[in-house]
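Reader: I have a structure open here and would like to walk through it. Can we go piece by piece?

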Amino acid sequence: MIKILFVCHGNICRSPMAEFIMKDIVRRHHREQDFLIESAATSTEELGNPVYPPARRQLMQHGISCEGKTARQFKASDYDRYDMIIVMDYNNLKNLRRIVPNDFENKVSMLMDYTSTKGSVSDPWYTRDFDKAYSDIFRGCEGLYAFLTENHA
């Protein structure tokens, strides 16, 4: 089983979108038993809050439910629990490094690394462009799934 944790600042927009998009991709390929997919925040600002309504609506427009998801914080023990820890932007990476200073097992990467467009996932909290964020995240998750199926059959 491949265990993936998506991480963003508050765990109410991008990382839960990635969690549920990836779960949908895996489900469509009938591979649910092969993956554990979750998400977390680097901050404590939104702990316990549900997915932000515009992010929830964006997922629903694509037939993806995130019902029941509430924000939780990344813990140092998560490093040992997950095989891959995937952040949305450079600030998330910097904040993650405060919790887990060393990535000895090379588990941490950025979602857009799995696309031809390296860099950060567009942050809809600031841009209000949830279409762009969804597009970035979908491309990243599709690329991640392709990477995993090529390297982990």
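Reader: In what sense do β1 and β3 pair, and over how many bridges?

Author: This is a predicted model, to say that at the start. In it, β1 and β3 pair in the parallel sense, over four bridges. Within that pairing, Leu5 stands opposite Ile85 in β3.

Reader: What joins β3 to β4?

Author: Three bridges, and those two strands run parallel. Ile85 turns up here as well, standing opposite Val108 in β4.

Reader: And how many bridges join β1 to β2?

Author: Seven bridges join β1, residues 2–8, to β2, and the two run parallel.

Reader: Back up to the whole sheet. What's the strand order?

Author: The order is β2-β1-β3-β4, in an open sheet of four strands with parallel pairing. β2 (35–41) and β4 (108–110) are the edge strands, each pairing on one side only. On average, neighbouring strands are turned by 25 degrees against each other, direction ignored.

Reader: Which way do the side chains of β3 point?

Author: Met84 and Ile86 point one way, Ile85 and Val87 the other, and all are buried. In a regular strand the side chains alternate between the two faces of the sheet.

Reader: On to the core. Which residues touch the most other members?

Author: The largest nonpolar core has 36 residues, and those touching the most other members are Ile4, Phe6, Ile21, Met22, Leu111, Cys141 and Leu144. β1, α1, β2, α2 (53–61), β3 and α6 each supply at least two residues of this core.

Reader: I always look at cysteines. What is Cys141 in contact with?

Author: Leaving aside neighbours within four places in sequence, Cys141 is in contact with Phe6, Ala18, Ile21, Met22, Ile25 and Leu111. There is also a second, separate core of twelve residues, which includes Ala40, Phe74, Val100 and Met110.

Reader: Cys141 is in α6, then. Which other residues of that helix are buried?

Author: Along with Cys141, the buried ones in α6 are Phe130, Ala133, Tyr134, Asp136, Ile137, Gly140, Gly143, Leu144, Tyr145 and Leu148. What covers the buried residues of α6 includes β1, α1, β2, α2, β3 and α5 (124–127).

Reader: What caps the N-terminal end of α6?

Author: Asp129 does, with a side-chain oxygen 3.3 Å from the backbone nitrogen of Asp131.

Reader: What span should the 23 residues of α6 have, and how far apart are the end C-alpha atoms?

Author: At 1.5 Å a residue, α6 should span 33 Å, and its end C-alpha atoms are 31 Å apart, so the two agree.

Reader: What does the side chain of Lys107 reach?

Author: The backbone oxygen of Tyr79, at 2.5 Å. Not counting residues up to four places away in sequence, Lys107 touches Tyr79, Asp80, Tyr82, Asp83, Met84 and Ile85.

Reader: And Gln58, buried or exposed?

Author: Gln58, in helix α2, is at 6% relative accessibility and therefore counts as buried. Its contacts, not counting residues up to four places away in sequence, are Met17, Phe130, Asp131 and Tyr134.

Reader: Last one, backbone. Which residues other than glycine have a positive phi?

Author: Asn106 is one, with phi near 50 degrees, and Arg128 is another, near 65 degrees. Most residues other than glycine have a negative phi. Asn106 is in the loop between α4 and β4, and at 68% relative accessibility Asn106 counts as exposed. Arg128 sits in the loop between α5 and α6, and at 45% Arg128 counts as partly exposed.

Methods
Residues are numbered from 1 along each chain as its sequence is written. This is a predicted model: local features need pLDDT of at least 70, side-chain atom pairs count only at pLDDT 80 or more; totals for chains, interfaces and linings use all residues. Side-chain values use heavy atoms; hydrogens and water are left out. Two strands pair if DSSP finds at least two bridges between them. Axes are lines fitted to C-alpha atoms, for helices over the stretch in contact, and angles run from 0 to 180 degrees between N-to-C directions. A nonpolar core is a set of buried Ala, Val, Leu, Ile, Met, Phe, Trp, Tyr and Cys residues joined through side-chain atoms within 4.5 Å. Buried means under 20% relative accessible area, exposed over 50%, partly exposed in between (1.4 Å probe, protein chains only). Contact means heavy atoms within 4.5 Å. A polar contact is a pair of N or O atoms within 3.5 Å; within protein, one must be able to donate a hydrogen and the other to accept it, and residues adjacent in sequence count only if both atoms are side-chain atoms. The expected span of a helix is 1.5 Å times one less than its number of residues.
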